[in-house]
Amino acid sequence: MSDAEKNTVAASADEKEVVSRNFIEQLIDKDLAEGVYDTVHTRFPPEPNGYLHIGHAKAILVNYGLAKEYGGKFNMRFDDTNPTKEDIEFVESIKADVEWLGADWEDRLFFASDYFDQMYECAVKLIQKGKAYVSDLTAEQIKEYRGTFTEPGKEDPSRSRSVEENLRLFEEMKDGKYADGEKVLRARIDITSPNLNMRDPVLYRVAHMTHHNTGDKWCIYPMYDFAHPIEDAIEGITHSICTLEFEDHRPLYDWVVSELEYPHPPRQIEQAKLYLTNVVTGKRYIKKLVQDGIVDGWDDPRLVSIAALKRRGFTPESIRKFVELCGVSKANSSTDYAMLEYCIREDLKLKKPRMMAALDPVKLVIDNYPEGETEYLEVPNNLENESLGSRQVPFCRELYIDRDDFMEEPPKKYFRLFPGNEVRLMSAYFVKCVSYEKDENGKVTVVHCTYDPETKQGSGFTGRKVKGTIHWVPAPYAIKAEVRLYENLIDEEKGVYNEDGSLNLNPNSLTVLKECYVEPALRDAKPYDSFQFVRQGFFNVDAKDSMPDALVFNRIVSLKSSFVLPK
């Protein structure tokens, strides 16, 4: 190959590499190449007014991932500028969620309220520059004066106030001389701008509220669109990643950092939100579900708050994989919940032991097995991952099997237990059904079998084959447990919302099984420990309700899925 051909191939490879980088990385590459910034500094800025959900996980992981990729820094910052909705409970839950996902802010934990003094000085500076004024209009009047998408706004009567008068009035606002809503500070930009956000937006409002961080020091609070760019600039953030609904706010973001003359102003970049099909993420809706007792808190395993996903048994690795598969985009779209389930299955299938559990148990008695005798059988923990080793499971005359594994009159191609049929008990012996017992309601209570001692697992028996293999739990050693089976909280056929805006709830979103039996190795299972229950799915120990003497397992996900990973 000639040098020219080699250069062409190399250039082609470079082009492919650039194409494979998402648009945010391409913008950052350009900024670094042009010397706009010499480092990358990102942040995650939640408002502490609720629990984080799966959409926030994307924001956390994208921001942290960019900082890590470029050897930069990542800040954790609470945008606590609205004390009417904020609570220290939400602050603590958010910190726990971000840490659990693996995003390390090191020693850079900040609050917007840390900068209230500087924000006040910034507002004074804008007034002194003639770029801000105190308005007497009410919120309704400001909205009316602002105009619409088709009509320009009209001037606020207070717009012509002098700098001196505005400084005096703003100080009086700070000193508590005005009631809530009586006065606001507005930016003086362009009341006829085609962008409504630039039509003299409100920068500060009066709110006599106790703040979770600053107490009663302030009775005026900055608006988010004013506070956020200042926070970014103070912290030295280079790339302020947000979601698409803030695209129309970017001119105001740039105006604030420009008018305040920050030497290295941050750059705002918008990406699409992460939407999941048929789930509830709206804080207002979740709050109502909690208040109405439909879910047992913000961490109910049917929700997709990060706390709920953690409690249900999802792992940080599975959520990171999910966010990676969703990718970074400029266009909003919805992702199928099945893809999230695919990610947790893929993460757990080689990591977790496969245990035996009878969720709807029926007793199986081996009539010809010696009474009172117990032997210990070696059972592999995971057939796909030999490194997980094996365990000893007691085997005896009385066992529990799942009710689905026996039928009195089976259909064709049913290979489990029925009168006269022989199956393998997993890692144990062949057993043949000889009879069964029923109660007065016609429900099968006991299945009687005989076993063939020659068919013991690992004995080299080749005399005959059976088509069915079923799992079992030794009755005298079994641990009783509660098992919770979760389905989607939303009725998928009807969609998320009714015409009146209420939620289409699935009445079968939770099934509680109280009379389950699991094998004795699970006796010491701890909260968040997870396992595969053979043929049932992946389960974990509920962190909220499970007790050492009363285990509760949540089904994380079933074993089978219709989801196919796109190429």
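Author: Here come a few labels, each set against its cut-off; keep in mind that this is a predicted model.

Reader: Let's start with K413. Why is K413 called exposed?

Author: K413 has 75% relative accessibility, and exposed means over 50%, so K413 gets that label. K413 sits in the loop between β17 (398-402) and β18 (422-425).

Reader: What makes the phi of K413 worth a remark?

Author: Phi of K413 is near 65°, a positive value, and K413 is not a glycine. Most residues other than glycine have a negative phi.

Reader: And S427, how do you know whether S427 is buried or exposed?

Author: The relative accessible area of S427 is 15%. Buried means under 20%, so S427 is buried. S427 also has a positive phi, about 60°, and lies in the loop between β18 and β19 (430-438).

Reader: On to contacts. What makes E34 and K30 a salt bridge?

Author: Their side chains meet at 3.1 Å, N to O, and the cut-off is within 4 Å, so the pair counts. E34 is exposed at 51%, because that is over 50%, whereas K30 at 46% is partly exposed.

Reader: Why does R159 with E155 count as a salt bridge?

Author: The closest N and O atoms of R159 and E155 are 3.7 Å apart, which is within 4 Å, so the pair passes. R159 is buried, with a relative accessible area of 13%.

Reader: How many salt bridges does a search of the whole structure find?

Author: That search finds 55.

Notes
Residues are numbered from 1 along each chain as its sequence is written. This is a predicted model: local features need pLDDT of at least 70, side-chain atom pairs count only at pLDDT 80 or more; totals for chains, interfaces and linings use all residues. Side-chain values use heavy atoms; hydrogens and water are left out. Helices (H or I, at least four residues) and strands (E, at least two) are DSSP runs, numbered from the N terminus. Buried means under 20% relative accessible area, exposed over 50%, partly exposed in between (1.4 Å probe, protein chains only).
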